[in-house]
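Subject: Structure handover

Hello,

Here is the structure I said I would pass on. My notes on what turned up in it follow below.

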Amino acid sequence: MNTGQLWNLSLGFLGIQIAYALQSANASRIFSIIGISSTALSYFWILPPLLGMFVQPLVGKYSDRTWCRFGRRLPYLILGTVVAMAMAILLPNAGVFGFSLSTATLFCAMTLMFMDTSLNTSMQPYKMLVGEMVNERQKGRAYSIQSLICNVGSATGFMLPFLLGWFGLSMTAPEGEVPAVVSVSFYIGAAMLLLCMIYSLLKIKEWNPREYARYNPQPGGEVKNPGMLKLLRRAPSTFWSVGLVQFFNWFGFLFMWTYCTGTVAQNTFHTPAVEKVTSIEAAGSRLETADKVILNSAGEVVLDHGRDSEGLFAKLPSPAELTICSRVKHDRETGAVIPIEYERVIVPDIHNANVTTELRPDASSELYSEAGNWVGVLYAVQAMGSVLWALVLPRFRSRKFSYGISMAIGAAGFVLSGIISDKWLLFIPYMMIGTAWAASMAWPFAFLTDSLKGRDVGSYMGLFNCTICLPQIVAALCGGLLLGMMTQPGELAPQYMMMILAGVSLAFGAIAVTFIKDPLKRVPEPVADPAIGEGGVY
């Protein structure tokens, strides 16, 4: 293929990665804004990879056998993009529908799940097309172009909230609502998804079955409809050894996506903490308050989602007559609370009640919003580090060595990101994290497709996606438990410790690289490519 064809195969990655970047940098921020505890954040990252483990292998399997007028892989690109656009519009709006915390949480979790899965569905066709339509000599180069576009798109998505704030969009919003800098960024991401999908449909011409068979001969004849278990039994050893590295890699990155905002807000921006009342237990009955607005008999707000901002809760008479509002609207002009669903209760002897509280970062404060925007800047620095490192990777004589050293540098970056508090010095560890990201985007799929020899590429790509999903599920299940164990009563949860644990995980990944058997002993010699720069990218 010529240079233009190689770029057209992957340019659609730009829109996908902008949307992915917005999701990665802002999902935990949105959850915190609507009222989720720091120790519970990781649990809401379980659903996306869990669904992905089932959906992606099926997408790969059935796209291997989808031959229609629209192509073989492109129909799945269209489906995934349309769903992702809808989810990108819905996700930042969970707080504007007047939902209770439990309903808003479920809404966000489901939206995040479908957005993540649909973006993966959109992404897989690009990877499969490179695996099928690019020859062995150009394949490393094609995946590096894909990695370059991926990181440029990521940097754009990460920077959007910061840039919109710089241009004057609102950095704050009423309690429980997402500020405009975040919501408008997601709308821009949805628009880019649409534009990139249209461009790809215009520029990519898939092969018909005869052309595919010519360039992807099946050893020993065509194997029809192999089952997933059969595919796993005959999977090359590279599938499993690279999968082990993938486990440690994605385990660590899930911790970053979950806890980076909290770490930066606490360590760097020193966001004020708020003590929230989570429950009141009196006379044998327990009242959950964290997700509700509570009014006294005079109609004054004494607790707003567990927050006693004016000390009115301590001034309640005993017994206290309370109005419990599970759904409310806030008048934007007066700030008055308008109940939608509510009930009235009387709490006897409230002064002697057992009140449970929790210390959290003030997610509605401007400092927290600034921290969230700065996280986007740091992620953009990570993406730029990935772009630069993608230029360095082909200069190594061994793909395997470059993969291992990248993981080791990334591990050190994670550890430093949990220790360094200066916002400018944080650029250093995030540049280091970018090296691990660049290698994880370029080499795993190159190793895998080189070992498949053209057979059932889509099915194996789908199964290989489980090596991305499974570690994220494990990390999401462990994250809340580990953070809870390290949290002292009356103190903020030490989210920075989770960044350090992410570094430990990547260190194990660097060790696991030694188990990979690389069919190519060295990276192919560079060929000049003026579109990318002298020397090219592979």
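Asp349 is partly exposed, with a relative accessible area of 40%. Please keep in mind that this is a predicted model. Asp349 sits in the loop that runs between strand 6 (337-347) and strand 7 (354-361). Its phi is positive, near 45°, and the residue is not a glycine. For background, most residues other than glycine have a negative phi, and most peptide bonds are trans.

His270 also has a positive phi without being a glycine, in this case about 50°. His270 is exposed, its relative accessible area being 58%.

One cis peptide bond is worth a look as well: the bond from Ser318 to Pro319 has omega near 0°. Pro319 belongs to the loop between strand 4 (301-304) and strand 5 (320-330).

On charge pairs, the structure holds one salt bridge. The partners are Glu358 and Arg360, whose closest N and O atoms are 3.3 Å apart.

Next, the interior. In soluble globular proteins, nonpolar side chains tend to be buried together. Here the largest nonpolar core has 126 residues. The residues with the most contacts inside that core are Phe253, Met256, Trp257, Tyr379, Tyr403 and Tyr430. Leaving aside residues up to four places away in sequence, Tyr379 touches Ser24, Ala25, Phe158, Met256, Trp257, Cys260 and Tyr430. There is also a second, separate core of 16 residues, with Ala282, Leu303, Ile350 and Ala353 among them.

Last, helix 4. This helix covers residues 74-90, 17 residues in total. At 1.5 Å a residue it should span 24 Å, and its end C-alpha atoms are 25 Å apart, so the two values agree. Which residues of helix 4 are buried? They are Leu74, Tyr76, Leu77, Gly80, Thr81, Ala84, Met85, Met87 and Ala88.

Best regards

Methods:
Residues are numbered from 1 along each chain as its sequence is written. This is a predicted model: local features need pLDDT of at least 70, side-chain atom pairs count only at pLDDT 80 or more; totals for chains, interfaces and linings use all residues. Side-chain values use heavy atoms; hydrogens and water are left out. A salt bridge is a side-chain nitrogen of Lys or Arg within 4 Å of a carboxyl oxygen of Asp or Glu. Helices (H or I, at least four residues) and strands (E, at least two) are DSSP runs, numbered from the N terminus. The expected span of a helix is 1.5 Å times one less than its number of residues. Buried means under 20% relative accessible area, exposed over 50%, partly exposed in between (1.4 Å probe, protein chains only). A nonpolar core is a set of buried Ala, Val, Leu, Ile, Met, Phe, Trp, Tyr and Cys residues joined through side-chain atoms within 4.5 Å. Contact means heavy atoms within 4.5 Å.
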